[in-house]
Amino acid sequence: MPLLTLRDAELAFGMHPLLDRASLTVDSGERIGLIGRNGTGKSSLLAVIAGHTQLDDGELQRSDSMRVVLVEQEPELPPASTLRESLALRGGLAVADHSHDERERWRIEARLVEFLHRFGLSEATAPESASGGERKRAALALAFALTPDLLLLDEPTNHLDLDGITLVEDLLRRQPTSIVITHDRAFLDRVTTRIVELDRGLLRSYPGNFAAYEARRSDELAAESVAQRKFDTFWKQEEAWIRKGVEARRTRDMGRVRRLERLRLARAERRERLGKVKLTLEAGERSGKLVVELEGVCKCFGERAVVRDLDLRVLRGDRLGLIGPNGAGKSTLLKLMLGSLPPDSGSVRRGTRLQVAYFDQMRAQLDPERTLADTISPGAEWIETASGRKHVLSYLSEFLFAPQRANAPVKLLSGGERNRLLLARLFALPANLLVLDEPTNDLDIESLELLEETLQAYPGTLLLVSHDRRFLDNVVTQTLVAEGDGRWKEYVGGYSDWVAQRPAEVPPEMPPTAKTAPPPSRTAPRAGAKLSLREQRELDALPAEIEALENEQLALTRQMNAPDYHRRGGAAIKADRLRATAIEGLLAERFGRWEELDTRATKSRRPED
(Lines give C-alpha, C1' and ligand atoms only; values in the text may rest on other atoms or scores of the structure.)
Protein backbone atom coordinates (compact mmCIF):
# COMPACT_ATOMS: atom_id res chain seq x y z
CA MET A 1 0.00 0.00 0.00
CA PRO A 2 1.42 3.44 -0.90
CA LEU A 3 2.58 5.69 1.92
CA LEU A 4 1.12 8.74 0.23
CA THR A 5 -1.18 9.47 -2.70
CA LEU A 6 -1.87 12.84 -4.33
CA ARG A 7 -4.77 13.00 -6.81
CA ASP A 8 -5.79 15.87 -9.10
CA ALA A 9 -4.09 18.37 -6.81
CA GLU A 10 -4.63 22.06 -7.50
CA LEU A 11 -2.78 24.91 -5.80
CA ALA A 12 -2.37 28.50 -6.94
CA PHE A 13 -0.98 31.77 -5.62
CA GLY A 14 -3.05 34.51 -7.18
CA MET A 15 -3.49 33.74 -10.87
CA HIS A 16 -0.34 31.60 -11.03
CA PRO A 17 -1.12 27.85 -10.80
CA LEU A 18 1.60 25.82 -9.08
CA LEU A 19 -0.22 22.48 -9.16
CA ASP A 20 -2.63 21.88 -12.04
CA ARG A 21 -4.44 18.55 -11.46
CA ALA A 22 -1.15 16.98 -10.41
CA SER A 23 -0.93 13.38 -9.17
CA LEU A 24 1.78 11.49 -7.27
CA THR A 25 2.15 8.16 -5.46
CA VAL A 26 4.98 7.51 -2.98
CA ASP A 27 5.80 3.93 -1.98
CA SER A 28 7.76 2.83 1.06
CA GLY A 29 11.50 2.62 0.46
CA GLU A 30 11.60 5.24 -2.32
CA ARG A 31 14.07 8.12 -2.33
CA ILE A 32 12.56 10.72 -4.65
CA GLY A 33 14.41 13.70 -6.08
CA LEU A 34 11.96 16.56 -6.72
CA ILE A 35 13.28 18.92 -9.40
CA GLY A 36 11.97 21.85 -11.43
CA ARG A 37 12.60 25.48 -12.28
CA ASN A 38 12.73 28.10 -9.52
CA GLY A 39 9.24 29.33 -8.68
CA THR A 40 7.38 26.29 -10.03
CA GLY A 41 6.10 25.31 -6.57
CA LYS A 42 8.43 22.57 -5.28
CA SER A 43 8.62 23.96 -1.74
CA SER A 44 4.85 24.48 -1.74
CA LEU A 45 4.36 20.82 -2.69
CA LEU A 46 6.49 19.68 0.26
CA ALA A 47 4.47 21.95 2.54
CA VAL A 48 1.28 20.30 1.26
CA ILE A 49 2.66 16.80 1.89
CA ALA A 50 3.82 17.83 5.39
CA GLY A 51 0.34 19.16 6.16
CA HIS A 52 1.47 22.79 6.52
CA THR A 53 -0.46 23.99 3.43
CA GLN A 54 -3.91 23.01 2.20
CA LEU A 55 -4.73 22.23 -1.42
CA ASP A 56 -7.19 24.43 -3.30
CA ASP A 57 -8.69 21.27 -4.77
CA GLY A 58 -7.84 17.60 -5.14
CA GLU A 59 -7.04 14.92 -2.61
CA LEU A 60 -4.07 14.02 -0.40
CA GLN A 61 -4.18 10.61 1.27
CA ARG A 62 -1.67 9.53 3.89
CA SER A 63 -1.81 7.41 7.00
CA ASP A 64 -2.59 9.28 10.22
CA SER A 65 0.05 7.24 12.05
CA MET A 66 2.77 8.08 9.49
CA ARG A 67 5.41 10.42 10.92
CA VAL A 68 6.42 13.09 8.40
CA VAL A 69 9.30 15.51 9.08
CA LEU A 70 10.07 18.55 6.90
CA VAL A 71 13.37 20.46 6.93
CA GLU A 72 12.75 23.79 5.22
CA GLN A 73 15.22 25.63 3.03
CA GLU A 74 15.82 28.18 5.81
CA PRO A 75 14.72 26.43 9.05
CA GLU A 76 13.78 28.46 12.11
CA LEU A 77 14.77 27.38 15.62
CA PRO A 78 12.54 28.18 18.64
CA PRO A 79 14.09 30.51 21.26
CA ALA A 80 15.91 28.62 24.02
CA SER A 81 19.10 28.81 26.07
CA THR A 82 20.85 26.00 24.16
CA LEU A 83 20.66 24.43 20.74
CA ARG A 84 19.59 21.13 22.25
CA GLU A 85 16.66 22.73 24.12
CA SER A 86 15.60 24.61 20.98
CA LEU A 87 15.59 21.41 18.92
CA ALA A 88 13.60 19.62 21.64
CA LEU A 89 10.93 22.31 21.29
CA ARG A 90 11.05 22.12 17.47
CA GLY A 91 10.72 18.33 17.57
CA GLY A 92 7.91 18.35 20.15
CA LEU A 93 10.04 16.47 22.70
CA ALA A 94 9.12 18.77 25.58
CA VAL A 95 5.51 17.56 25.78
CA ALA A 96 6.06 13.88 26.68
CA ASP A 97 4.33 13.05 29.99
CA HIS A 98 3.58 9.31 29.84
CA SER A 99 6.09 6.57 30.61
CA HIS A 100 6.08 5.27 27.04
CA ASP A 101 6.50 8.80 25.65
CA GLU A 102 9.25 9.48 28.18
CA ARG A 103 11.24 6.44 27.06
CA GLU A 104 10.82 7.49 23.42
CA ARG A 105 11.94 11.01 24.28
CA TRP A 106 15.09 9.66 25.90
CA ARG A 107 15.85 7.57 22.81
CA ILE A 108 15.35 10.52 20.47
CA GLU A 109 17.48 12.82 22.63
CA ALA A 110 20.26 10.23 22.65
CA ARG A 111 20.14 10.07 18.86
CA LEU A 112 19.91 13.88 18.66
CA VAL A 113 23.14 14.31 20.62
CA GLU A 114 24.81 11.75 18.36
CA PHE A 115 23.69 13.47 15.16
CA LEU A 116 24.59 16.95 16.46
CA HIS A 117 28.14 15.71 16.99
CA ARG A 118 28.20 14.06 13.57
CA PHE A 119 27.20 17.39 12.00
CA GLY A 120 29.97 19.14 13.95
CA LEU A 121 27.69 21.06 16.33
CA SER A 122 27.78 21.70 20.07
CA GLU A 123 24.48 21.11 21.85
CA ALA A 124 25.30 23.99 24.23
CA THR A 125 25.43 26.59 21.43
CA ALA A 126 22.98 29.49 21.83
CA PRO A 127 20.42 29.25 18.96
CA GLU A 128 20.33 33.02 18.38
CA SER A 129 24.08 33.04 17.69
CA ALA A 130 23.91 30.14 15.19
CA SER A 131 24.68 30.92 11.55
CA GLY A 132 22.39 29.90 8.68
CA GLY A 133 24.58 26.86 8.03
CA GLU A 134 24.50 25.82 11.69
CA ARG A 135 20.71 26.16 11.83
CA LYS A 136 20.42 23.98 8.73
CA ARG A 137 22.73 21.31 10.16
CA ALA A 138 20.89 21.37 13.50
CA ALA A 139 17.51 20.91 11.79
CA LEU A 140 18.95 18.03 9.75
CA ALA A 141 20.36 16.41 12.92
CA LEU A 142 16.91 16.58 14.55
CA ALA A 143 15.18 15.23 11.43
CA PHE A 144 17.38 12.13 11.30
CA ALA A 145 17.11 11.64 15.08
CA LEU A 146 13.30 11.56 14.82
CA THR A 147 13.52 8.59 12.36
CA PRO A 148 10.42 9.63 10.38
CA ASP A 149 8.52 7.34 8.03
CA LEU A 150 8.76 10.07 5.37
CA LEU A 151 11.53 12.68 5.41
CA LEU A 152 11.11 15.86 3.33
CA LEU A 153 14.25 17.92 2.66
CA ASP A 154 14.23 21.31 0.88
CA GLU A 155 17.69 22.13 -0.53
CA PRO A 156 19.62 20.21 2.18
CA THR A 157 23.02 20.86 0.55
CA ASN A 158 22.78 24.67 0.84
CA HIS A 159 25.26 25.98 3.45
CA LEU A 160 26.91 22.53 3.69
CA ASP A 161 30.50 21.79 2.78
CA LEU A 162 31.56 18.62 0.96
CA ASP A 163 31.90 16.57 4.16
CA GLY A 164 28.43 17.65 5.27
CA ILE A 165 26.92 16.82 1.88
CA THR A 166 28.52 13.36 1.92
CA LEU A 167 27.18 12.76 5.44
CA VAL A 168 23.61 13.65 4.39
CA GLU A 169 23.93 11.33 1.37
CA ASP A 170 25.02 8.43 3.58
CA LEU A 171 22.24 9.05 6.10
CA LEU A 172 19.57 9.38 3.40
CA ARG A 173 20.50 6.02 1.90
CA ARG A 174 19.58 4.47 5.28
CA GLN A 175 16.36 6.51 5.57
CA PRO A 176 13.18 4.48 4.89
CA THR A 177 11.49 6.96 2.51
CA SER A 178 12.33 10.52 1.48
CA ILE A 179 11.58 13.34 -0.95
CA VAL A 180 14.42 15.80 -1.58
CA ILE A 181 14.53 19.10 -3.43
CA THR A 182 18.06 19.84 -4.62
CA HIS A 183 19.97 21.21 -7.60
CA ASP A 184 23.04 19.12 -6.74
CA ARG A 185 23.18 16.61 -9.60
CA ALA A 186 25.89 14.47 -8.00
CA PHE A 187 23.71 14.24 -4.87
CA LEU A 188 20.72 13.14 -6.96
CA ASP A 189 22.83 10.51 -8.72
CA ARG A 190 24.09 9.04 -5.45
CA VAL A 191 20.85 9.07 -3.47
CA THR A 192 17.66 8.92 -5.53
CA THR A 193 15.72 5.93 -6.83
CA ARG A 194 13.24 8.10 -8.76
CA ILE A 195 13.16 11.63 -10.18
CA VAL A 196 9.89 13.60 -10.12
CA GLU A 197 9.81 16.81 -12.15
CA LEU A 198 7.33 19.60 -11.41
CA ASP A 199 6.79 21.26 -14.78
CA ARG A 200 3.94 23.64 -15.63
CA GLY A 201 1.78 22.39 -12.78
CA LEU A 202 2.16 18.68 -13.55
CA LEU A 203 4.31 16.00 -11.90
CA ARG A 204 6.23 13.70 -14.25
CA SER A 205 7.96 10.63 -12.88
CA TYR A 206 11.21 9.02 -14.10
CA PRO A 207 12.61 5.83 -12.53
CA GLY A 208 16.29 5.81 -11.60
CA ASN A 209 18.70 8.59 -10.70
CA PHE A 210 19.36 11.95 -12.34
CA ALA A 211 21.57 10.53 -15.08
CA ALA A 212 18.73 8.23 -16.18
CA TYR A 213 16.32 11.17 -16.07
CA GLU A 214 18.57 13.31 -18.28
CA ALA A 215 18.70 10.68 -21.01
CA ARG A 216 14.96 10.09 -21.04
CA ARG A 217 13.82 13.70 -20.56
CA SER A 218 15.80 15.04 -23.51
CA ASP A 219 13.98 12.57 -25.80
CA GLU A 220 10.60 13.58 -24.33
CA LEU A 221 11.23 17.30 -24.80
CA ALA A 222 12.25 16.73 -28.41
CA ALA A 223 9.07 14.72 -29.07
CA GLU A 224 6.95 17.37 -27.30
CA SER A 225 8.49 20.10 -29.45
CA VAL A 226 7.74 18.19 -32.68
CA ALA A 227 4.13 17.51 -31.58
CA GLN A 228 3.57 21.17 -30.71
CA ARG A 229 4.96 22.32 -34.07
CA LYS A 230 2.58 19.97 -35.90
CA PHE A 231 -0.33 21.15 -33.76
CA ASP A 232 0.47 24.82 -34.41
CA THR A 233 0.76 24.24 -38.18
CA PHE A 234 -2.63 22.52 -38.31
CA TRP A 235 -4.25 25.13 -36.03
CA LYS A 236 -2.97 28.02 -38.20
CA GLN A 237 -4.32 26.30 -41.34
CA GLU A 238 -7.76 26.01 -39.72
CA GLU A 239 -7.65 29.65 -38.59
CA ALA A 240 -6.88 30.67 -42.16
CA TRP A 241 -9.81 28.59 -43.41
CA ILE A 242 -12.32 30.10 -40.96
CA ARG A 243 -11.41 33.59 -42.13
CA LYS A 244 -12.59 32.77 -45.64
CA GLY A 245 -16.06 33.18 -44.17
CA VAL A 246 -18.47 31.68 -46.73
CA GLU A 247 -17.23 28.11 -46.69
CA ALA A 248 -17.13 28.07 -42.91
CA ARG A 249 -20.81 28.99 -42.66
CA ARG A 250 -22.00 26.05 -44.76
CA THR A 251 -23.89 23.44 -42.78
CA ARG A 252 -21.68 20.57 -43.93
CA ASP A 253 -18.61 22.36 -42.46
CA MET A 254 -20.02 22.96 -38.94
CA GLY A 255 -18.09 19.93 -37.65
CA ARG A 256 -14.90 21.58 -38.84
CA VAL A 257 -15.87 24.80 -37.02
CA ARG A 258 -16.43 22.90 -33.77
CA ARG A 259 -13.07 21.17 -34.22
CA LEU A 260 -11.42 24.59 -34.60
CA GLU A 261 -13.06 25.73 -31.38
CA ARG A 262 -11.55 22.72 -29.61
CA LEU A 263 -8.15 23.53 -31.14
CA ARG A 264 -8.38 27.11 -29.87
CA LEU A 265 -9.26 25.89 -26.37
CA ALA A 266 -6.36 23.41 -26.35
CA ARG A 267 -3.94 26.09 -27.59
CA ALA A 268 -5.09 28.55 -24.90
CA GLU A 269 -4.69 25.94 -22.14
CA ARG A 270 -1.25 24.87 -23.26
CA ARG A 271 1.33 26.17 -20.82
CA GLU A 272 4.63 26.98 -22.46
CA ARG A 273 7.91 26.00 -20.82
CA LEU A 274 9.65 28.82 -19.01
CA GLY A 275 12.30 30.60 -21.03
CA LYS A 276 16.00 30.13 -20.46
CA VAL A 277 18.41 32.67 -19.05
CA LYS A 278 20.57 34.16 -21.82
CA LEU A 279 24.12 34.28 -20.51
CA THR A 280 26.89 35.91 -22.52
CA LEU A 281 30.30 36.59 -21.03
CA GLU A 282 33.07 38.54 -22.76
CA ALA A 283 36.68 38.51 -21.58
CA GLY A 284 37.49 41.85 -23.26
CA GLU A 285 41.16 42.86 -23.34
CA ARG A 286 43.64 40.07 -22.68
CA SER A 287 45.35 40.30 -19.32
CA GLY A 288 49.06 39.81 -18.86
CA LYS A 289 50.31 36.22 -18.82
CA LEU A 290 50.68 36.32 -15.02
CA VAL A 291 47.37 36.91 -13.25
CA VAL A 292 48.39 36.54 -9.61
CA GLU A 293 51.38 35.11 -7.73
CA LEU A 294 51.59 34.31 -4.02
CA GLU A 295 54.92 33.65 -2.32
CA GLY A 296 55.09 32.46 1.30
CA VAL A 297 51.71 34.01 2.10
CA CYS A 298 50.39 33.63 5.64
CA LYS A 299 47.13 34.86 7.15
CA CYS A 300 45.88 34.26 10.67
CA PHE A 301 42.83 35.34 12.65
CA GLY A 302 43.87 35.25 16.27
CA GLU A 303 45.54 31.90 16.88
CA ARG A 304 43.89 30.24 13.87
CA ALA A 305 45.96 30.00 10.70
CA VAL A 306 43.84 30.28 7.55
CA VAL A 307 46.72 30.39 5.05
CA ARG A 308 50.20 29.17 5.92
CA ASP A 309 53.29 29.49 3.67
CA LEU A 310 51.31 29.33 0.42
CA ASP A 311 53.12 29.53 -2.91
CA LEU A 312 50.77 29.76 -5.88
CA ARG A 313 50.89 31.07 -9.44
CA VAL A 314 47.76 31.64 -11.55
CA LEU A 315 48.33 32.23 -15.26
CA ARG A 316 46.03 33.65 -17.93
CA GLY A 317 43.34 31.12 -18.92
CA ASP A 318 43.64 29.04 -15.73
CA ARG A 319 40.41 27.76 -14.17
CA LEU A 320 41.15 27.27 -10.49
CA GLY A 321 38.61 25.71 -8.10
CA LEU A 322 38.97 26.18 -4.34
CA ILE A 323 37.83 23.21 -2.23
CA GLY A 324 37.61 23.00 1.54
CA PRO A 325 35.24 22.74 4.51
CA ASN A 326 33.25 25.71 5.78
CA GLY A 327 35.55 28.04 7.68
CA ALA A 328 38.71 26.80 5.94
CA GLY A 329 39.33 30.27 4.46
CA LYS A 330 38.31 29.97 0.81
CA SER A 331 36.70 33.42 0.67
CA THR A 332 39.63 34.86 2.63
CA LEU A 333 42.06 33.41 0.10
CA LEU A 334 40.12 35.01 -2.76
CA LYS A 335 40.36 38.40 -1.03
CA LEU A 336 44.11 37.94 -0.55
CA MET A 337 44.50 37.18 -4.26
CA LEU A 338 42.38 40.21 -5.26
CA GLY A 339 44.24 42.56 -2.92
CA SER A 340 41.22 43.50 -0.78
CA LEU A 341 42.85 41.83 2.24
CA PRO A 342 46.57 42.14 3.08
CA PRO A 343 48.59 39.07 4.11
CA ASP A 344 50.27 38.89 7.51
CA SER A 345 53.48 37.87 5.78
CA GLY A 346 54.67 36.90 2.31
CA SER A 347 53.92 38.72 -0.93
CA VAL A 348 51.04 38.90 -3.42
CA ARG A 349 51.77 40.12 -6.94
CA ARG A 350 48.99 40.78 -9.45
CA GLY A 351 49.36 40.90 -13.18
CA THR A 352 48.66 43.73 -15.61
CA ARG A 353 45.50 44.80 -17.47
CA LEU A 354 43.19 42.91 -15.10
CA GLN A 355 39.44 43.52 -15.41
CA VAL A 356 37.82 41.79 -12.44
CA ALA A 357 34.21 40.68 -11.95
CA TYR A 358 33.56 39.35 -8.42
CA PHE A 359 30.51 37.28 -7.44
CA ASP A 360 30.15 37.42 -3.65
CA GLN A 361 28.34 34.49 -2.02
CA MET A 362 26.80 36.90 0.52
CA ARG A 363 25.50 39.07 -2.36
CA ALA A 364 26.81 42.14 -0.50
CA GLN A 365 27.10 43.95 -3.84
CA LEU A 366 23.29 44.14 -4.06
CA ASP A 367 21.54 47.03 -2.32
CA PRO A 368 18.18 45.61 -1.09
CA GLU A 369 16.47 49.01 -1.38
CA ARG A 370 17.45 49.62 -5.01
CA THR A 371 15.23 48.60 -7.89
CA LEU A 372 16.25 45.91 -10.36
CA ALA A 373 16.64 48.44 -13.17
CA ASP A 374 18.74 50.80 -11.04
CA THR A 375 20.94 47.89 -9.93
CA ILE A 376 21.73 47.01 -13.54
CA SER A 377 21.92 50.52 -15.00
CA PRO A 378 22.01 53.28 -12.33
CA GLY A 379 20.17 56.39 -13.53
CA ALA A 380 19.87 55.31 -17.17
CA GLU A 381 17.43 53.37 -19.36
CA TRP A 382 20.16 51.94 -21.56
CA ILE A 383 23.07 49.69 -20.69
CA GLU A 384 26.32 49.16 -22.55
CA THR A 385 27.08 45.44 -22.76
CA ALA A 386 29.84 43.49 -24.43
CA SER A 387 27.46 42.70 -27.31
CA GLY A 388 26.21 46.28 -27.75
CA ARG A 389 23.77 48.83 -26.33
CA LYS A 390 20.53 47.41 -24.86
CA HIS A 391 17.49 48.79 -23.10
CA VAL A 392 17.55 47.81 -19.43
CA LEU A 393 14.11 46.11 -19.68
CA SER A 394 15.30 44.02 -22.62
CA TYR A 395 18.49 43.06 -20.76
CA LEU A 396 16.55 42.09 -17.61
CA SER A 397 14.22 39.91 -19.70
CA GLU A 398 17.25 37.87 -20.80
CA PHE A 399 17.60 36.89 -17.13
CA LEU A 400 13.87 36.03 -16.84
CA PHE A 401 12.76 39.26 -15.13
CA ALA A 402 9.43 40.52 -16.49
CA PRO A 403 9.28 44.25 -17.44
CA GLN A 404 6.71 44.98 -14.71
CA ARG A 405 9.25 43.86 -12.08
CA ALA A 406 11.97 46.28 -13.20
CA ASN A 407 10.96 48.86 -10.58
CA ALA A 408 10.57 46.33 -7.74
CA PRO A 409 13.16 46.52 -4.92
CA VAL A 410 15.86 43.88 -4.69
CA LYS A 411 14.69 42.90 -1.19
CA LEU A 412 11.57 41.27 -2.68
CA LEU A 413 13.61 38.79 -4.75
CA SER A 414 14.11 35.15 -3.82
CA GLY A 415 17.60 33.70 -3.37
CA GLY A 416 17.68 32.30 -6.91
CA GLU A 417 16.44 35.59 -8.38
CA ARG A 418 19.14 37.53 -6.51
CA ASN A 419 21.71 35.18 -7.95
CA ARG A 420 20.40 35.83 -11.47
CA LEU A 421 20.40 39.59 -10.89
CA LEU A 422 23.99 39.55 -9.67
CA LEU A 423 25.01 37.47 -12.68
CA ALA A 424 23.23 39.98 -14.94
CA ARG A 425 25.18 42.81 -13.35
CA LEU A 426 28.53 41.02 -13.52
CA PHE A 427 28.14 39.81 -17.10
CA ALA A 428 27.11 43.20 -18.51
CA LEU A 429 30.71 44.39 -18.95
CA PRO A 430 33.85 42.55 -20.12
CA ALA A 431 36.04 40.89 -17.47
CA ASN A 432 39.21 38.91 -18.04
CA LEU A 433 39.33 37.68 -14.41
CA LEU A 434 36.08 36.17 -13.14
CA VAL A 435 35.86 35.38 -9.42
CA LEU A 436 32.82 33.33 -8.38
CA ASP A 437 32.21 32.54 -4.70
CA GLU A 438 29.41 29.91 -4.47
CA PRO A 439 27.56 30.99 -7.64
CA THR A 440 25.39 27.84 -7.80
CA ASN A 441 23.44 28.42 -4.56
CA ASP A 442 19.69 28.71 -5.27
CA LEU A 443 20.07 28.26 -9.04
CA ASP A 444 17.80 25.68 -10.64
CA ILE A 445 19.38 22.89 -12.66
CA GLU A 446 18.69 24.42 -16.10
CA SER A 447 20.24 27.78 -15.13
CA LEU A 448 23.16 25.97 -13.51
CA GLU A 449 23.86 23.95 -16.65
CA LEU A 450 23.66 27.10 -18.77
CA LEU A 451 26.16 28.81 -16.46
CA GLU A 452 28.43 25.78 -16.90
CA GLU A 453 28.25 26.10 -20.70
CA THR A 454 28.99 29.83 -20.51
CA LEU A 455 32.03 29.31 -18.29
CA GLN A 456 33.33 26.48 -20.48
CA ALA A 457 33.38 28.90 -23.44
CA TYR A 458 34.86 31.77 -21.40
CA PRO A 459 38.42 32.57 -22.59
CA GLY A 460 39.51 34.51 -19.47
CA THR A 461 40.78 33.38 -16.07
CA LEU A 462 38.42 31.86 -13.52
CA LEU A 463 38.67 31.55 -9.73
CA LEU A 464 35.77 29.44 -8.39
CA VAL A 465 34.60 28.44 -4.92
CA SER A 466 31.88 25.78 -4.98
CA HIS A 467 30.67 22.69 -3.13
CA ASP A 468 28.92 21.43 -6.27
CA ARG A 469 31.06 18.46 -7.29
CA ARG A 470 29.71 18.06 -10.81
CA PHE A 471 29.97 21.80 -11.45
CA LEU A 472 33.65 21.69 -10.41
CA ASP A 473 34.29 18.68 -12.62
CA ASN A 474 32.71 20.39 -15.64
CA VAL A 475 34.35 23.81 -15.24
CA VAL A 476 37.78 23.86 -13.54
CA THR A 477 41.14 22.59 -14.76
CA GLN A 478 42.94 22.57 -11.41
CA THR A 479 41.93 22.63 -7.73
CA LEU A 480 43.44 24.22 -4.64
CA VAL A 481 42.45 22.18 -1.60
CA ALA A 482 42.50 23.11 2.11
CA GLU A 483 44.29 20.30 3.94
CA GLY A 484 44.07 21.63 7.50
CA ASP A 485 46.08 24.00 9.71
CA GLY A 486 46.21 26.64 6.98
CA ARG A 487 47.92 24.33 4.47
CA TRP A 488 46.73 24.35 0.85
CA LYS A 489 47.77 21.99 -1.95
CA GLU A 490 47.19 22.23 -5.70
CA TYR A 491 45.92 19.29 -7.77
CA VAL A 492 45.40 18.87 -11.51
CA GLY A 493 41.77 18.48 -12.67
CA GLY A 494 38.40 18.89 -10.96
CA TYR A 495 36.78 17.39 -7.89
CA SER A 496 36.84 13.76 -9.07
CA ASP A 497 40.49 14.09 -10.06
CA TRP A 498 41.34 15.43 -6.60
CA VAL A 499 39.52 12.51 -4.96
CA ALA A 500 41.56 10.09 -7.07
CA GLN A 501 44.87 11.86 -6.31
CA ARG A 502 44.55 12.73 -2.64
CA PRO A 503 46.38 10.62 -0.06
CA ALA A 504 44.45 8.00 1.85
CA GLU A 505 42.88 9.34 5.02
CA VAL A 506 44.37 8.21 8.34
CA PRO A 507 41.66 7.11 10.80
CA PRO A 508 41.26 9.72 13.57
CA GLU A 509 42.40 8.92 17.10
CA MET A 510 39.75 7.74 19.51
CA PRO A 511 38.48 10.47 21.87
CA PRO A 512 39.72 10.31 25.47
CA THR A 513 36.36 9.06 26.76
CA ALA A 514 36.45 6.14 24.34
CA LYS A 515 40.08 5.30 25.22
CA THR A 516 39.30 4.99 28.92
CA ALA A 517 36.09 3.02 28.39
CA PRO A 518 36.31 -0.68 29.26
CA PRO A 519 36.94 -2.95 26.29
CA PRO A 520 33.84 -4.61 24.82
CA SER A 521 33.05 -8.18 25.67
CA ARG A 522 34.32 -10.74 23.19
CA THR A 523 30.79 -12.12 22.95
CA ALA A 524 28.18 -9.48 22.21
CA PRO A 525 24.97 -9.90 24.22
CA ARG A 526 22.21 -11.63 22.31
CA ALA A 527 19.49 -9.23 21.10
CA GLY A 528 16.64 -9.41 23.60
CA ALA A 529 18.83 -11.16 26.24
CA LYS A 530 17.89 -10.30 29.83
CA LEU A 531 20.08 -7.70 31.53
CA SER A 532 22.49 -8.89 34.18
CA LEU A 533 22.16 -7.50 37.71
CA ARG A 534 25.14 -5.16 37.09
CA GLU A 535 23.66 -3.91 33.83
CA GLN A 536 20.25 -3.32 35.44
CA ARG A 537 21.91 -1.25 38.18
CA GLU A 538 23.82 0.67 35.51
CA LEU A 539 20.58 1.35 33.60
CA ASP A 540 18.83 2.56 36.77
CA ALA A 541 21.69 4.95 37.55
CA LEU A 542 22.08 6.41 34.06
CA PRO A 543 19.24 9.01 34.19
CA ALA A 544 20.74 10.57 37.33
CA GLU A 545 24.24 10.57 35.78
CA ILE A 546 22.95 12.22 32.62
CA GLU A 547 21.00 14.80 34.60
CA ALA A 548 24.09 15.66 36.67
CA LEU A 549 26.20 16.09 33.52
CA GLU A 550 23.51 18.25 31.92
CA ASN A 551 23.30 20.46 35.04
CA GLU A 552 27.07 20.83 35.08
CA GLN A 553 27.03 21.68 31.37
CA LEU A 554 24.29 24.29 31.88
CA ALA A 555 26.16 25.90 34.80
CA LEU A 556 29.38 25.93 32.79
CA THR A 557 27.61 27.49 29.79
CA ARG A 558 26.12 30.25 31.96
CA GLN A 559 29.51 30.92 33.52
CA MET A 560 31.23 31.13 30.10
CA ASN A 561 28.52 33.52 28.84
CA ALA A 562 28.87 35.91 31.79
CA PRO A 563 30.06 39.43 30.81
CA ASP A 564 33.06 39.33 33.17
CA TYR A 565 34.13 35.80 32.21
CA HIS A 566 37.31 37.05 30.52
CA ARG A 567 38.68 38.07 33.92
CA ARG A 568 39.11 34.44 35.01
CA GLY A 569 42.41 34.23 33.19
CA GLY A 570 43.72 32.13 30.31
CA ALA A 571 44.40 28.94 32.31
CA ALA A 572 40.90 28.83 33.83
CA ILE A 573 39.23 29.60 30.49
CA LYS A 574 41.21 26.81 28.81
CA ALA A 575 40.25 24.37 31.57
CA ASP A 576 36.57 25.29 31.18
CA ARG A 577 36.71 24.69 27.45
CA LEU A 578 38.35 21.30 27.93
CA ARG A 579 35.72 20.33 30.48
CA ALA A 580 32.89 21.49 28.19
CA THR A 581 34.28 19.29 25.41
CA ALA A 582 34.66 16.36 27.79
CA ILE A 583 31.05 16.73 29.00
CA GLU A 584 29.78 16.57 25.42
CA GLY A 585 31.69 13.33 24.90
CA LEU A 586 30.48 11.86 28.19
CA LEU A 587 26.86 12.77 27.42
CA ALA A 588 27.06 11.16 23.99
CA GLU A 589 28.54 8.03 25.55
CA ARG A 590 25.99 7.91 28.38
CA PHE A 591 23.01 8.49 26.06
CA GLY A 592 24.27 5.76 23.72
CA ARG A 593 24.72 3.32 26.61
CA TRP A 594 21.26 4.17 28.01
CA GLU A 595 19.63 3.54 24.63
CA GLU A 596 21.46 0.21 24.24
CA LEU A 597 20.51 -1.10 27.70
CA ASP A 598 16.94 0.22 27.58
CA THR A 599 16.35 -1.35 24.15
CA ARG A 600 17.60 -4.74 25.38
CA ALA A 601 15.52 -4.48 28.55
CA THR A 602 12.39 -3.64 26.55
CA LYS A 603 12.94 -6.55 24.14
CA SER A 604 13.56 -9.01 26.98
CA ARG A 605 10.23 -8.05 28.58
CA ARG A 606 8.30 -8.39 25.28
CA PRO A 607 6.27 -11.63 25.11
CA GLU A 608 7.22 -14.09 22.40
CA ASP A 609 5.13 -14.02 19.19
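## Helix H13

The buried residues of helix H13 are Ile445, Ser447, Leu448, Leu450, Leu451, Glu452, Thr454 and Leu455, where buried means under 20% relative accessible area (1.4 Å probe, protein chains only). Helices here are DSSP runs of H or I with at least four residues, and strands are runs of E with at least two, numbered from the N terminus. H13 covers residues 445-456, and its end C-alpha atoms are 16 Å apart, which agrees with the 16 Å that its twelve residues should span at 1.5 Å a residue, the expected span being 1.5 Å times one less than the number of residues.

At the start of H13, the backbone nitrogen of glutamate 446 has a side-chain oxygen of aspartate 444 within 3.3 Å.

## Basis of the model

This is a predicted model, in which local features need pLDDT of at least 70 and side-chain atom pairs count only at pLDDT 80 or more, while totals for chains, interfaces and linings use all residues. Residues are numbered from 1 along each chain as its sequence is written, and side-chain values use heavy atoms, with hydrogens and water left out.

## The open sheet

Three strands form an open sheet in the order S2-S1-S4, with antiparallel pairing; two strands pair if DSSP finds at least two bridges between them. Strand S2 (16-26) and strand S4 (57-62) are the edge strands, each pairing on one side only. Eight bridges join strand S1 (residues 4-13) to S2, and alanine 12 stands opposite proline 17 in S2.

## Threonine 40

Threonine 40 sits in the loop between strand S3 (31-35) and H1, and is buried because its relative accessible area is 13%.

Methods: Buried < 20%, exposed > 50% of the residue type's maximum accessible area, 1.4 Å probe, protein only. Polar contact = N/O pair within 3.5 Å; in protein donor to acceptor, adjacent residues only side chain to side chain.
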